[in-house]
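Please walk through this structure, taking its salt bridges, its nonpolar cores and one of its helices in turn.

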Amino acid sequence: MAEDSDLERTEEASPKRLEEARKEGDVPRSRELSTCTVLLAAGGALWAMGGSLVKQLNQMLTHGLTLNRETIYDFNVLAEKIAADLLDVLIAFAPVAGLLLIVALASPVLIGGWVFSSKALTPNFGRLNPASGLGNMISSRAGVELVKSILKTVLVGSVAWVVVMAQKEAIFSLANEPLQQALAHSGHMFGVCFMTIVASLVVIAMIDAPYQMWSYANKLKMTHQEVVQEAKEMNGNPQIKAKIRQQQREMARRRMMSEVPNADVIVTNPTHYAVALKYAEGGMRAPQVVAKGVDEVAAKIRELAQENNVPMLEAPPLARALYKHTELGDEIPEALYAAVAEVLAYVYQLRTYRNQGGDRPEQPRELPVPKEMDPLNNNGDRNE
């Protein structure tokens with residue numbers, strides 16, 4: 001049961017999955033919406049240009065049926081006349097055909113958008129498999145399409161029947177009207193019937209388009225395992241990334257520790273913090289932090305400093321401030337210049353004492369560390 005639950009597609013499709021489907025030409029489509037827009041455009045065009053089209057067709061029909069002796073007995077003249085008449089018909093219907101072409105090309109923008117994919121044109125012989133074809137015939141999608149077709153037929157047929165029956169008397173009365181009046185009247189009735197039926201298709205399209213979008217989103221849903229696998233492919237395996245970050249931290253720590261023997265002084269807390277400072281007169285604008293750490297890392301820094309005879313000075317407020325407000329390689333903040341200057345002066349005096357003897361310098365006390373720089377005064381943590 002747990003495995004079945006894991007295989008359920010409950011997760012929304014990721015942007016990557018949607019993009020892959022689009023590259024393969026798989027986008028939501030509503031044939032009802034496309035058909036409806038084309039028919040609406042056709043009805044609107046005929047409604048707007050019907051009068052002029054009828055006049056042109058009447059003139060062309062009169063001209064086409066007007067034949068002289070030369071046209072009847074000379075095949076070449078007759079062929080030229082037929083070709084000219086056909087060209088006139090094409091020119092007359094060109095605006096309507098052009099409008100329908102534009103609408104047919106633009107209708108996909110309403111749902112799914114334009115897609116140009118060569119994969120959709122690649123032959124797929126798997127579609128010739130009778131078993132898969134039979135499976136598609138009895139699938140839920142096929143059932144929905146069958147029900148939709150039946151409902152569409154019933155709706156359109158019912159609307160057409162109601163409209164025709166409503167104009168039954170007018171249709172029978174056409175026989176008693178003059179020809180020109182009957183033609184105009186019949187054209188009007190045809191337009192009303194056509195637009196009413198197309199209006200029923202609008203209802204179908206308004207239902208089908210949201211359904212197709214829902215069906216498409218449901219088809220592309222992913223299992224939880226697929227989401228996890230995709231995340232691993234895009235972002236890398238979290239375990240591997242964690243291991244890489246651990247190795248990077250270890251390498252940075254080793255580089256930092258290699259700078260400790262070259263430091264001028266180690267400022268300590270004395271047990272929680274350790275910050276190594278280095279200053280090269282003329283080469284640096286201000287002393288730099290070359291190593292820092294807390295707890296175990298601080299203990300390792302003190303151990304290396306002791307092994308390499310690097311002076312250490314207990315100055316808890318200064319150690320905390322340096323650790324809080326600097327990163328490796330940073331110059332010390334200006335607010336700590338005075339305190340660090342006293343520390344370096346003590347280091348230089350200690351170095352002279354070791355080399356030349358004399359009175360041992362006293363360690364500086366009460367270094368001028370601004371209270372706002374000391375995190376102990378900011379967060380009240382008395383364990384630091």
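**Salt bridges, cores and a kinked helix**

Arg351 and Asp264 form a salt bridge, with 3.6 Å between the closest N and O atoms. The pair joins distant parts of the chain, 87 residues apart: Arg351 belongs to helix H14, and Asp264 to the loop between helix H11 (238-259) and E1. Arg351 is partly exposed, at a relative accessible area of 38%, whereas Asp264 is buried, at 10%. Buried stands for under 20% relative accessible area, exposed for over 50%, and partly exposed for values in between (1.4 Å probe, protein chains only). A salt bridge requires a side-chain nitrogen of Lys or Arg within 4 Å of a carboxyl oxygen of Asp or Glu. Helices (H or I, at least four residues) and strands (E, at least two) are DSSP runs numbered from the N terminus.

This is a predicted model, in which local features need pLDDT of at least 70 and side-chain atom pairs count only at pLDDT 80 or more, while totals for chains, interfaces and linings use all residues. Residues are numbered from 1 along each chain as its sequence is written, and side-chain values use heavy atoms, leaving out hydrogens and water.

The salt bridge count is seven. One of them connects the side chains of Lys219 and Asp26 (3.1 Å, N to O). Here too the partners come from distant parts of the chain, 193 residues apart, with Lys219 in helix H9 (residues 179-219) and Asp26 in the loop between H2 and helix H3 (31-65). Lys219 is partly exposed at 47% relative accessibility, and Asp26 is partly exposed at 24%.

The largest nonpolar core has 24 residues; Val267, Leu277, Leu318, Leu322, Leu336, Val343 and Val369 touch the most other members. Such a core is a set of buried Ala, Val, Leu, Ile, Met, Phe, Trp, Tyr and Cys residues joined through side-chain atoms within 4.5 Å. Strands E1 (265-268) and E2 (273-278) and helices H13 (316-325) and H14 (337-356) each give two or more residues to this core. H14 supplies the largest share, seven residues. A separate core of 14 residues includes Val260, Ala298, Ile301 and Leu304.

Helix H5 (residues 75-106) has 32 residues and spans 44 Å from first to last C-alpha, close to the 46 Å expected at 1.5 Å a residue, where the expected span is 1.5 Å times one less than the number of residues. H5 has a kink of about 50 degrees at Ala94, shortly before the proline Pro95. The bend is the angle between axes fitted to the seven residues ending at a residue and the seven starting there. Lys81, Asp85, Ala92, Val96 and Val103 are buried in H5.
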